[in-house]
Amino acid sequence: MGSLVVQVRRKRPEALHIVSFELARPDGTPLPAFSAGSHVDVHLPGGVTRQYSLCNDDTELHRYRIAVLRDPTSRGGSVAMHDTVREGDLVEISEPRNHFPLVHAQRSILFAGGIGVTPMLCMAHRLAATGAEFEMHYCTRSREHTAFRDEIHVSRFAAKVQFHHDDGPPQQRLDAPAVLARPEPGVHLYVCGPKGFIDHVTSCARAQGWPGDQLHVEHFGAAPIDSTGDRPFRVQLASSGAVHEIPADKTVVQALAAQGIEILVSCEQGVCGTCITRVLSGECDHRDLYFTDEEKARNDQFTPCCSRAKSPLLVLDL
Ligand code: FES
């Protein structure tokens, strides 16, 4: 995956604790094309890499726009973006990748929780541009926490968006069971936001009978993983037959890198899917947020940046 150096053309507050960054090539030439749901890796000083969804219209190639929630409890990426990255700075990013694409559907329902609005904004632009049928539910703590509120109000899809604020009257809150009351073939659901929001919408969808393949989820940050019970195990590389020990305090990616075997990674939190590796035998201990429950149950691939093994040996297609 190629990387590129972009310049911060504009940095502006969008809501309480949220700023947006407009990124462009320093020489003004077009950026690589992207599709709705794409993200870029932003490489920050100190070796920190973070993924941010592109939230602008995907026909725009003169800029990428990202928005960042300042989260002092995160591992430092969002605070660095807020406090140290300034207009005019050069930043290294990856080319856009898309793990959260729109699929062709009769109708789409977008659920955005807080900063999870970023990929949804891009999706709304795309769906509106193609005349597709859709609605968007945008949930935030309050009006002040609602990024892009004014922009949405004047957009061509304004009438499709319902705002729901935690501090507003009960009748305007998201009634997920009502919105999801009737599963229909051809209707696809997209969910992005904090874990509690995603869990609420997806558990409601499942309870109402929505099939997993009509439910699309994007996580933007993993909760810390409890590693206290981790045990060592071994992995075997199918190509060479070599067996490697994975100590309790190392990930598969780290242990194999120490032996000179590199696996491409990005988020290293089980969120982005970059490191996905096929598993030929053994039982995975999935720790990621990337795969659906159905995909995890198939036990034929895992994310070695964070996932481990329940069996003593995993044979990997490496
Ligand atoms: S590197 Fe992102 S899921 Fe493993």
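Modeller: A term first: strands are DSSP runs of E with at least two residues, helices are runs of H or I with at least four, and both are numbered from the N terminus. The model is predicted.

Biologist: In which loop is His17 found?

Modeller: His17 sits in the loop between strand 1 and strand 2, the latter spanning 18–24.

Biologist: Why does His17 count as partly exposed?

Modeller: A residue is buried with 20 or more other C-beta atoms within 10 Å of its own, and exposed with 12 or fewer. His17 has 18 C-beta neighbours inside 10 Å, so it counts as partly exposed.

Biologist: Where does Asn299 lie?

Modeller: Asn299 is in the loop between helix 7 (293–298) and strand 17. Its phi is also positive, near 60 degrees, and the residue is other than glycine. Asn299 counts as partly exposed because it has 16 C-beta neighbours inside 10 Å.

Biologist: How many bridges join strand 15 to strand 19?

Modeller: Two bridges join strand 15 (residues 277–281) to strand 19 (residues 313–316), and these strands run antiparallel. For Ser281, the bridge partner in strand 19 is Val315.

Biologist: Now the whole chain. Into which domains is it divided?

Modeller: There are domain 1 (3–98), domain 2 (107–218) and domain 3 (233–316). The C-alpha centres of domain 1 and domain 2 are 23 Å apart.

Biologist: How many residues of domain 1 are in contact with domain 2?

Modeller: A contact requires C-beta atoms within 7 Å. By that cut-off, 15 residues of domain 1 are in contact with 14 residues of domain 2. On the domain 1 side, the elements giving two or more residues are strand 1 (3–15) and strand 5 (64–69). Strand 5 gives the most, with three residues.

Biologist: What is the make-up of that side by class?

Modeller: The side of domain 1 that touches domain 2 has nine nonpolar, three polar and three charged residues.

Definitions and conventions:
Residues numbered from 1 in each chain as written. Predicted model: local features only at pLDDT ≥ 70, side-chain atom pairs only at ≥ 80, totals over all residues. Domains from an automatic or database assignment. Contact = placed C-beta atoms within 7 Å. Nonpolar A, V, L, I, M, F, W, Y, C, P; charged D, E, K, R; others polar. Pairing = 2+ DSSP bridges.
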